[in-house]
Structure formats: C-alpha cells, structure tokens
Amino acid sequence: MPLPKAELHLHIEGTLEPELAFDLAARNGVKLRYADTEELREAYRFEDLQSFLNLYYELMTVLRTERDFEDLANAYLTRAAAQGVRHAEIFFDPQAHLARGLDMGTVVEGLWRALGRSEENHGVSTRLILCFLRDESADSALETLEAARPYLDRITGIGLDSAEVGHPPAKFRQVYETAAGLGLRRVAHAGEEGPPEYITQSLDLLGIERVDHGLRCMEDPELVERLVRERVPLTLCPLSNVRLRTVDTLADHPLPAMLDAGLLCTVNSDDPAYFGGYADDNFRAVRESLGLTEDRLRELARNSFLASFLEDDEERRAR
Ligand code: ES4
Ligand code: ZN
C-alpha cells in the first residue's frame, strides 16, 4: 500500500493523458497535429521548461467545456487516490484558457464539479490554487484576479508559474498584495530554472508561505539556513526535474542533501501525464534511485500534510 500523502504541486492541465486529449479533441472537434497517442508520446522529449510548456499549452486547447474540466479532474483524482493521495492542492492556469476565449466560470465550475465531490467519490480532500503566468504582464494577472472574484469561495490561494527566467517575482508584488488582502494563501514557483534570488524575492516581496520547486536554494547556503529556520516548505518534483533536465539523472537529485540540511521537503508530481509519474511514482523513484530509508519516506509523507493548507483537525483526519 502506498503511504498516505498530500499532493501540493500539481498542475491540473499537466494531468491530461494522451488518451483523454484525443477523446476530448474528438468530442470538441479540435484537430491535433499528432496522428495518434503514440505519435504524441514521441513529442514528450523535452530539452527544458520552455520546450515542455509549448506542448502543454498546445494540448490544453482540447479543454473547452465545464464537462471537460470535470472529466480531467476526475481522471486525476482517481489516479491520485490509487497512489495514496488523501489531499490535493491543485494548480490551474486560467490565463491560458481565458486567452482562447473560455471564461473563468467554465474553468472553475468545471473543476469544482469534480473537486466538490472528491471526498465522497475519491476519498481525497482538495484545495484549488489559481496560478498566474509569469511570462504575462502584471496587469494581466490583476485582471485575472478580478475575473476570479465571483469564485473566491472555491479558491484557496494563488501561485506563479510558467517560464521563470527573466520574469522575477518582483513583477507581481502588487498582485500578491491584493490577493493577500482578499484572504488568499500565497505560493510561487521559484528556483526551478531561475536563480536563488528569485526564491528570496518571493519570500520578501510576495510573502509566499511555500516555495514550489526551490531546488536552486542549494546554491545559496544563507538562503538554505533561512528556509530551515523559518520552516518554509519546498514542493519538490523529482521526475519533473529529470524530464526538464534541471538535474542530469535522478541519482543526482539533491533531495537527500536537502533533507540532511533540515529543509522541509515534500515530493510531488508537477505534470504527471508529461513527466512519467504520479505522486507515489515519484516516491518510488526517489526510494529506488536515491536509496532513501523508510524513515525518510515517512518524513516526506508527514511533511506533505504539515506543509498543506489543511487546518490541524483536517490534517489529522487526512493522515
Ligand atoms: C510547470 Cl514544471 C512547471 N514549471 C513552471 N510552470 C509550469 N506550468 C506547468 N508546469
Ligand atoms: Zn510546477
């Protein structure tokens, strides 16, 4: 049986498996430039974050209706439950959908049709985190936050994702301040491809409570010390790092060194349909390639609940 765990770094659009992509394309009359799922899988050889993002944005064009988002989320929740996930904090990228003519309601209500019944149907509690695309403008992020206002009862927090280098956190200071005023929790991708300074900026200027990835903190000992002292959780995604060539091989992943340094690490799946594995696949991969002990794996599972946005009583129940 897989360890009970919380998934804290998961892009719902990144759970779109090739089979579902083709089903939705057929249902919506969308033409994909791949003949079949096999040819599509051939395209899953990425050079870096951007080469992945190009395919990620292309494929999500098959998502058109509330039912599509519902089906996508239910497919993910079914797989997650089978991998021991008891709680999932799920990212979504509304700007990518609004830009192609959908409205916020289609996306949020569609996802909510699955998330709102997830505890009964899958035994998985959920939270929804709206991510801003950092390669779009700060004004666009603010407009997106405005468009989300009618749905804030469904949204727990905000995040920042997409192409990192050249798009420093400072750009989104005002958006994060506004979101904080609305009672939203704050996270951000930082230190995936970008430098350690982006992690520091996200903490100081955006007030984030959790760092998504944060891998490159290891280049800055003072930053590591701070993250340890302030107990800031990191949501690591080992299989993602290998596929996007942030690390050479899984055996080179700094996770053991990060745990030894006292960092509050969690293991997550990022975009599992693209990177070769869901939550427990990532746990098994680090156990096998990094030789983590059962104690370390239990620590990672416990950290996932500690780092979650669950209240204490909910957290105890989920574990
Ligand atoms: C992402 Cl792995 C990763 N990094 C940044 N942005 C993303 N959006 C979806 N997956
Ligand atoms: Zn991510």
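**Reading burial, backbone angles and an annotated site**

Student: Is Arg 245 buried, exposed or partly exposed?

Tutor: A residue is buried if 20 or more other C-beta atoms, placed from the backbone, lie within 10 Å of its own, exposed if 12 or fewer, and partly exposed in between. Arg 245 has 14 C-beta neighbours inside 10 Å and therefore counts as partly exposed. This is a predicted model, in which local features need pLDDT of at least 70, side-chain atom pairs count only at pLDDT 80 or more, and totals for chains, interfaces and linings use all residues. Residues are numbered from 1 along each chain as its sequence is written, while chains are lettered from A and ligands numbered from 1 in the order in which they are written.

Student: Where does Arg 245 lie, and what is its phi angle?

Tutor: Helices (H or I, at least four residues) and strands (E, at least two) are DSSP runs, numbered from the N terminus. Arg 245 belongs to the loop between helix 12 (238-243) and helix 13 (255-260). Its phi is near 60 degrees, a positive value in a residue other than glycine.

Student: What is the phi of His 213, and in which element is His 213 found?

Tutor: His 213, also not a glycine, has a positive phi near 75 degrees. The residue is part of strand 6 (residues 210-213). His 213 is buried because 26 other C-beta atoms lie within 10 Å.

Student: Which residues does Glu 192 touch?

Tutor: Contact requires C-beta atoms, placed from the backbone, within 7 Å. Leaving aside residues up to four places away in sequence, Glu 192 touches Leu 49, Glu 164, His 213, Leu 215 and Thr 246. Glu 192 sits in the loop between strand 5 (185-190) and helix 10 (196-206), and with 24 other C-beta atoms within 10 Å it is buried.

Student: Which UniProt annotation covers Glu 192?

Tutor: The unreviewed UniProt entry annotates Glu 192 as "active site". Such positions are given in the numbering used here, feature names are shortened, and annotations may be inferred rather than shown by experiment.

Methods:
Two residues are in contact if their C-beta atoms, placed from the backbone, lie within 7 Å.
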